[in-house]
Amino acid sequence: MDKFYALLKKEMRPAMGCTEPAASALAGAKATELLGMIPSSVEVSTSRDMVKNAMGVGLPNCELKGIQAAVALGACGGSVEKGLSILSKIEETQLALAKDLSVKLTIQENIPALYISVTAHKDAHLAVAVISGEHDRFSHLEIDGTVLLDLPVDNCTTPLEGLDENIIKSASLSDIVTYAASAEAEVLVLMLEAKETNMAIALHAIQNQYGLSVGKIAGEDLHADPKSLAEAFSLASSLAAAASDARMAGCPLPVIINSGSGNQGITLTVPLAVVARYLHSSDEKLAKALVVSELVGLSLTARKDRLSALCGAFTAAIGCACGLVYLLDGDIAVMDRAINTMIGNLTGIICDGAKMTCALKIYSCVEAACLACKLAFRGFSPGSESGIVGKDSLESMGFLSRLSHEGMAETDKTILSIMLGKQK
């Protein structure tokens, strides 16, 4: 298995509903599995980013919201084997038990952004399950004081788990495009399966009403078969937003994720599928464009925290722009210009949790990606005289990483303070 394929296969997996609640439910289910019985009470210790990303998002197959509800659902009957699709089916008994379960929540400082610890109690017994670093990575397991597993909370320890930092972070655009051009059949199949899954929820959302109906309303005057590239771009934005409308409302359809995020997975796939259909691109061409899109998205995630104050739809849309350039037969120089334009345009979009307005951000980000492509093919992009834009895309991505890590930590705290304040 080649290294890029191993990374793609690890990162592109199905998830039901938003991934932070899914990870929370998974931790709850694991704690109950260790305990061997439904707990009488649960304690949750987690990061502000986990709370922020679960607070306003609908959970699949029920009316509940929030991290405590997700943990309770997992603890009261969730199946660990289902992974991030753990909320794909919820029994009535499970829902009733979850509503009655006492779940105490503590927000902890000085831990990774992606971290949740669940302690389940029953009589004199307790079990602990910790997920950190990745949404389905157990880093600590404990039953009645006996430690079963203890890994670093934010350092991946196997070669596969370390690929995103060690391989993709150092990959150049040339490396990615060269890999895509010669990708093996199994890689292309993975891409097309992701496209089919994510397009299914997008098309479903256009026919139904979810959340703010951003995608449905934005696309209501567009042809299902676009008559021009400009219309194809508009339809790409509306369908991507529609998929997010449905996902954030708890639609019980799966999404193939990227970087642990369904919204990023949608942004990296749906627009390319729409434009490829207009262009009558072959499945092979579309699949290779998707490889570029997905890997650029992963490379940007490797430069920032998976959960941060910087909106993931924005960084995913940079990958989308590169994939669109590939579909339209542009070269690396065109991609470089598109990346600089995106960073000069939308850097600073905040992440204020997973909720219905994510669809608005996805729509805006995909629109920006399409504009970046148009400008890039005409030879236009901002240069290093423009704010945080670098002399080329590599330098710009470095500045973006610095902004994410150095510049937005306090912003993240302020966002959650506002969100929690509204709950009071």
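**View 1. Two domains, one chain.** The centres of domain 1 and domain 2, taken over C-alpha atoms, are 29 Å apart. Domain 1 covers 16–150 and domain 2 covers 162–422 of the protein chain, with bounds from an automatic or database domain assignment. Keep in mind that this is a predicted model: local features need pLDDT of at least 70, side-chain atom pairs count only at pLDDT 80 or more, and totals for chains, interfaces and linings use all residues. Residues are numbered from 1 along each chain as its sequence is written, and side-chain values use heavy atoms, with hydrogens and water left out.

View 2. The size of an interface is often given as the accessible area lost when the parts come together. For domain 1 and domain 2, the buried area is about 2000 Å², with 62% of it on carbon and sulfur atoms; that's the accessible area (1.4 Å probe) the two parts lose on being put together, summed over both. On the domain 1 side, M16, R48 and K52 lose the most area to domain 2, together 31% of what that side buries.

**View 3. A charged pair across the interface.** Side chains of opposite charge can pair when their charged atoms come close. Two salt bridges are counted between domain 1 and domain 2, each a side-chain nitrogen of Lys or Arg within 4 Å of a carboxyl oxygen of Asp or Glu. R48 and D412 meet in a salt bridge through their side chains, at 3.1 Å from N to O.

View 4. In one of them, the side chains of D136 and R13 meet at 2.5 Å, N to O. D136 sits in the loop between β5 (125–132) and β6 (138–143), while R13 is in the loop between α1 (3–11) and β1 (14–16), 123 residues apart.

**View 5. The open sheet.** Six strands (DSSP runs of E, at least two residues) line up as β3-β2-β4-β5-β6-β7, with mixed pairing; strands pair if DSSP finds at least two bridges between them. Because β3 (102–107) and β7 (146–150) are at the edges with a single partner strand each, one side of each has no neighbour in the sheet.

**View 6. Strand β2 and its partners.** Six bridges join β2 (residues 41–46) to β3, and the two run parallel. T46 has I107 in β3 as its bridge partner. Six bridges also join β2 to β4 (residues 115–122), but this pair runs antiparallel. In β4, H121 stands opposite S41.

How values were computed. Helix = DSSP H or I, 4+ residues; strand = E, 2+ residues; numbered from the N terminus.
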